[in-house]
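Trainee: Before we go through this model, could you show me the sequence and the structure, so that I can set each term against its definition?

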Amino acid sequence: MKLIAVSDEEELSRIAAEILISKIKTSDRLVLGLATGKTPLGMYRYLSKYSIESKQSYDHVHTVNLDEYVGSQAYHTYMKEHFFQYVDIPSEQTHLPNGEADSLTVECKSYEDIISNLGGIDLQVLGIGENGHIGFNEPGTNFDSRTHVVQLTESTLSANAKYFIDTNQPKKAITMGIGTILESKEILLLAVGERKANAVKELFKGSINKDIPATALKVHPNVTVLADKGARSLLDKES
Ligand code: GLP
């Protein structure tokens, strides 16, 4: 695993966007796995700004998001609001799990089919939960799991409660599995702030274990972690 140490969220956002832009510019077709949450917001800002100012087309990009809440369109709305409205990726090339599907079992299977019909994910962007989750794969999730429905933990519900002030916060979500994520050709994990420091420490210094889902990434051959000072604070203390 490669660690790129950055000073703050601004630098992290710029470098993450530059990594994606260089792939967008040099590929005829690109399948990007995308994440939501607070962490990638700045990266989406840079990507949107670059597309508008440089006139670089993103129309050869296909996107598959990691997750969505059950009974909600929250992440669909997030992606439109923060990224899709600013770029020329055709909407039929953007994919998120449908948390409002009649059958979630069928939806999980179809989502796996979408990813494999695209030929897999070229570059998957990940955030990290305070408890080490990736996507919504909570502690205890099997490393060979595929897209599935999860019951969110209290830790995740309370970390994300701020996004549901006016509406009820869903307690379940659909997420790509850890096995699905690990099949991506390349992975870029973003971590900002001291709240993520323990998860980042476990990622680099801990053993591979299901209690910290992100440690599954240790078996992947092409993972880059971008972490700011806060997220590295427990690493630096020990090294
Ligand atoms: C959510 C998302 C994850 C995200 C994590 C961290 O639970 N499902 O994909 O990585 O939270 O979010 P934030 O970036 O807001 O800290």
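This is a predicted model: local features need pLDDT of at least 70, side-chain atom pairs count only at pLDDT 80 or more; totals for chains, interfaces and linings use all residues.

Trainee: What makes E7 and E8 a pair, and in which sense do they pair?

Mentor: Two strands pair if DSSP finds at least two bridges between them, and strand E7 (residues 148-151) is joined to E8 by 4 bridges in the antiparallel sense, where a strand (E, at least two residues) or a helix (H or I, at least four) is a DSSP run numbered from the N terminus. Residues are numbered from 1 along each chain as its sequence is written, and side-chain values use heavy atoms, with hydrogens and water left out.

Trainee: Which other strand is joined to E8, and by how many bridges?

Mentor: Strand E4 (residues 67-69) runs antiparallel to strand E8 (residues 172-175), with 3 bridges between them, and Asp67 has Thr175 as its bridge partner in E8.

Trainee: What is the strand order of the open sheet of 7 strands, and which pairing does it have?

Mentor: The order is E1-E10-E9-E6-E2-E3-E5, and the pairing is parallel. Strand E1 (2-5) and strand E5 (94-95) stand at the edges, since each has a single partner strand and so lacks a neighbour on one side. For E1, 4 bridges lead in the parallel sense to strand E10 (residues 223-227), and Val225 in E10 is the bridge partner of Leu3.

Trainee: Why are H2 and H3 called oblique to each other?

Mentor: Helix H2 (residues 41-54) packs against H3 at an angle of about 40°, with the axes 10 Å apart; the axes are lines fitted to C-alpha atoms over the stretch in contact, and angles run from 0 to 180 degrees between N-to-C directions. Angles under 35 degrees count as roughly parallel, over 145 as roughly antiparallel, 65 to 115 as roughly perpendicular and the rest as oblique, and H2 and H3 are therefore oblique. In the contact (heavy atoms within 4.5 Å), Leu41, Tyr44 and Ser48 of H2 meet Tyr78, Met79 and His82 of H3. By class, this contact has 4 nonpolar, 2 polar and no charged residues, with Ala, Val, Leu, Ile, Met, Phe, Trp, Tyr, Cys and Pro counted as nonpolar, Asp, Glu, Lys and Arg as charged, and the others, Gly among them, as polar.

Trainee: How many residues line the largest pocket, and which lie nearest its centre?

Mentor: On a 1 Å grid over the protein atoms alone, a pocket is an open set of points where a 1.4 Å probe fits, with protein on both sides within 12 Å along at least five of seven lines, and lining residues have an atom within 4 Å of a point. The largest pocket has 26 lining residues, with Gly37, Lys38, Ile128, Asn160 and Lys196 nearest its centre. Helix H5 (residues 154-160) supplies the largest share of this lining, 4 residues.
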